[in-house]
Amino acid sequence: MGAIAPPPEKNGLGELRLAMTHNLRTSGIYVALVALVALFALITGGASLSAGNVTNIVLQYSYILVLAIGMVIVIIAGHIDLSVGSVVALTGAISAITVIKYDMPWWVGVLAALATGLLIGAWHGFWVAYVGIPAFIVTLAGMLLFRGLTLFVLDNVSLSPFPDEYGVIASGFINGWLGGYGYDVFTLVVFALGVVGFAVSQYRSRKARMGYHQPVPPLSLFALKILAVGVLVMAFAWKLASARGLPVVLIMLAVLIMAYTVMMQHTVFGRQIYAIGGNLAAASLSGVKVRAVNFWIFVNMGLLSAVAGIVFSSRTNGAQPGAGNMFELDAIAAAFIGGAAVTGGVGKVVGAMAGGLIMAVMSNGMQLMGIDQSLQSVVKGLVLLLAVAFDIWNKRRAGAH
């Protein structure tokens, strides 16, 4: 018998249509993000795409993106966490007390905040996984409990300032390592390497699909996708390089995104999370240790909330009793807009990042336009509602076929 030939590459137009409709929700997110960026650039006369503003978006919304990573994992498992804003406030307060009040080194404050986040995550995980109380109730209680503890720890007053080393976490930049006149070469090199890494990863994935005789897009369409991503990424890199260089917090965020993407897509633990959210009964029958997985999901959420608390307190150069207010809603919105399903079992870390960026671009653009805060909240609420409605419509459409 002769060898089985790999499937032919599909027609370019047919494959393009398939790519846009097969996973309409995912493709729509990135199209919406690009369209939103273009819209605000047009409305603001290019101000939204200035080098300084692009850098400020990264600095101002990085902690929401950190929270969105943990939140999308919680939602994929079929849970919700309403306490993350209060945990951000408490961990930032613990760090401030340690560093400012007790005059400890800045890194001790970081460790204290991380330890606090882990303990809070374990507290939530215990009640959800081993006692069986729904996460909505547990984290609602946590929202009240940890906000009250924040007020107690800070004695209801703000505490500042942090030492300069602590401020580098959220406001520091890496630049000048490779020189450059009017721009930072190091930033461009880092992003160029990232584009090359993305291209290699996509090419290997394409070859693997062909090896398993699965359909793949034509080489021309594949190359167009890599080119489009490369152009967008390098344009973003140029904006950063033309401002102050590579933000330290962006490096931390990139590491988290890569690590959690690998965990969710290529590890047993990640597959178990999807299994629990997709079909709890089937996951239990297949041998998944549901209680243990749920416990560690909330421990992880506590850890990432602490990271966000560190970043936010570094950004604001202090700890405030009202810190983190409504952060949980921004993180939840980012996850849902980014493709997570209300019923669980569906979602990606990269999608949550796209959802978070949509929220960030909207907020930043409306601020540049001078739109009142009340109207901004109305717009955000409508966007979230439409995103969930689109999810429901997409499921019904898929079921009809």
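This passage describes helix H8, a residue of helix H10, and the packing of helices H14 and H15 in a predicted model. Residues are numbered from 1 along each chain as its sequence is written. Local features require pLDDT of at least 70 and side-chain atom pairs pLDDT 80 or more, totals for chains, interfaces and linings use all residues, and side-chain values use heavy atoms, with hydrogens and water left out.

Helices (H or I, at least four residues) and strands (E, at least two) are DSSP runs, numbered from the N terminus. Phe-186, Thr-187, Leu-188, Phe-191, Val-195 and Arg-206 of H8 are buried (under 20% relative accessible area, 1.4 Å probe, protein chains only). These buried residues pack against strand S1 (173-174), helix H9 (219-242), strand S2 (246-247) and H10, contact meaning heavy atoms within 4.5 Å. Just after H8, His-213 adopts a positive phi of about 60 degrees.

Thr-261 belongs to H10 (residues 248-266) and, at 17% relative accessibility, counts as buried. Leaving aside residues up to four places away in sequence, Thr-261 touches Val-349 and Val-350.

The axes of H14 (residues 327-337) and H15 (residues 349-368) come within 7 Å and cross at roughly 120 degrees; axes are lines fitted to C-alpha atoms, for helices over the stretch in contact, and angles run from 0 to 180 degrees between N-to-C directions. The contact involves Asp-330, Ala-333, Ala-334, Ala-335 and Ile-337 of H14 and Gly-351, Ala-352, Gly-355, Gly-356, Ile-358 and Met-359 of H15.

Note on methods: Buried means under 20% relative accessible area, exposed over 50%, partly exposed in between (1.4 Å probe, protein chains only). The expected span of a helix is 1.5 Å times one less than its number of residues.
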